[in-house]
Amino acid sequence: MYGRDVQKIECKNHVVKNIGKPLYNKKKNSSIHKDIRKNLTGTKIKEILAVVQKCIIFNACGDVETLKTPLKNVPNHVFEKHSNCQIYYCSNVSDALEDFAIAEACGLLQLVNGVLDNVIRKSHKLIDNETTNRAEMYMEILSRFNVGKRQNLVQRVSFETRAYLSGLRYNDGPAWHGSPWKSIVGYSPEYYLKKIFVTLEQIETISKNTVRQFNNPLYEEERKNRLTASNFGIVIKRKSKTLCHNLVKNLLYPKYI
Ligand SMILES: [Zn+2]
């Protein structure tokens, strides 16, 4: 059902990112008291993020209030007051209350509590332990199909078609075009490759049968579908920025035969 009844679900990765970002910014901000910046180490920030993730994972699809309680306790745990800690994120048995007192006195504890408030308020949206990983993966594929939006592809439903193709690529992996190609054209993409493939015995037979080169009609027939030594240089030296359609045209339809 659409409309007012739709409930928004938050992505766990983004929520964790939104805790880390303000904490790292506050650490760099020189207008914040130096004691706070000194005690808010990179290790502490990483620990906060890890514990928040563990809480969300452990309480996935459970009760919202049981998720809120450990989240509220995260600053206490990180600043070494473990009396209310849960076993799934904390194995410390003794407290280091002097560290906790320093963090509380300089205002660091209140600062971390303030940042975590945003997560605690979103607890009901985080309870499903969901991420946007799949959507991000699809959008990454789509951005390759629509050439990073550098061209206007809206006309003639090009964009829409590319979105459908991205869906096929997402579902079936790199070999996604094999079966649609076969159902439309009637043969697999390997058809032409198989057609020009020759065994070692065939190579020897062709070599014997095409002596005298241009005086032999079979020689011209055999070289039609092949990249011969005289053209190999042009192909291998072609710059990647030069378009290849003229080269292909010259190879397939030479002016002088
Ligand atoms: Zn603890």
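Me: Between which two helices is the loop where Arg156 lies?

Reply: This is a predicted model, in which local features need pLDDT of at least 70, side-chain atom pairs count only at pLDDT 80 or more, and totals for chains, interfaces and linings use all residues. Residues are numbered from 1 along each chain as its sequence is written, and side-chain values use heavy atoms, with hydrogens and water left out. Helices (H or I, at least four residues) and strands (E, at least two) are DSSP runs, numbered from the N terminus. On that numbering, the loop holding Arg156 runs between α8 (133-145) and α9 (158-172).

Me: What phi does Arg156 have, given that it is not a glycine?

Reply: Most residues other than glycine have a negative phi. Arg156 is not a glycine, yet its phi is positive, at about 50°.

Me: Is Arg156 buried or exposed?

Reply: Buried means under 20% relative accessible area, exposed over 50%, and partly exposed in between (1.4 Å probe, protein chains only). Arg156 has a relative accessible area of 81%, so the residue counts as exposed.

Me: How many helices and how many strands does the chain have?

Reply: The secondary structure is helical, with no strands at all. UniProt places an unreviewed feature, "domain: Mutator-like transposase", at residues 5-90; its positions are in the numbering used here, feature names are shortened, and annotations may be inferred rather than shown by experiment. Residues 5-90 are 64% helix and 0% strand, with end C-alpha atoms 38 Å apart. For the chain, the tally is 15 helices and zero strands.

Me: Which residues coordinate the zinc ion?

Reply: Donors are N, O and S atoms within 2.8 Å of the metal (3.2 Å for Na, K and Ca); water is not among the atoms, so sites may look incomplete. Along the chain, the donors follow the spacing H-x4-H-x2-C-x4-C. At 2.1 to 2.3 Å, the coordinating residues are His77 (ND1), His82 (ND1), Cys85 (SG) and Cys90 (SG).

Me: What geometry does the site of the zinc ion have?

Reply: Four donors count as tetrahedral if all angles lie between 85 and 135 degrees; four count as square planar and six as octahedral if opposite donors are over 155 degrees apart and all others between 65 and 115; anything else is irregular. The angles among the four donor atoms here run from 103 to 117°, which makes the site tetrahedral.

Me: How many disulfides does a search of the whole structure find?

Reply: A disulfide is a pair of cysteine sulfur atoms within 2.5 Å. Cys85 is buried at 18% relative accessibility, and Cys90 is buried at 7%; both give their SG atoms to the zinc ion. The search of the whole structure comes to zero.

Me: Which residue forms a salt bridge with Lys44?

Reply: A salt bridge is a side-chain nitrogen of Lys or Arg within 4 Å of a carboxyl oxygen of Asp or Glu. The closest N and O atoms of this pair, Lys44 and Glu80, are 3.7 Å apart. Lys44 lies in helix α3 (residues 42-58) and its partner in the loop between α4 (64-78) and α5 (97-106), so the pair ties together parts that are 36 residues apart in sequence. The partner, which also has a positive phi of about 70° although it is not a glycine, is Glu80.

Me: In helix α4, by about how much of the helix are Lys68 and Glu65 separated?

Reply: These side chains meet in a salt bridge, 3.6 Å from N to O. Lys68, at 23% relative accessible area, is partly exposed, and Glu65 is partly exposed too, at 46%. They are three residues apart in α4, so the separation is about one helical turn.
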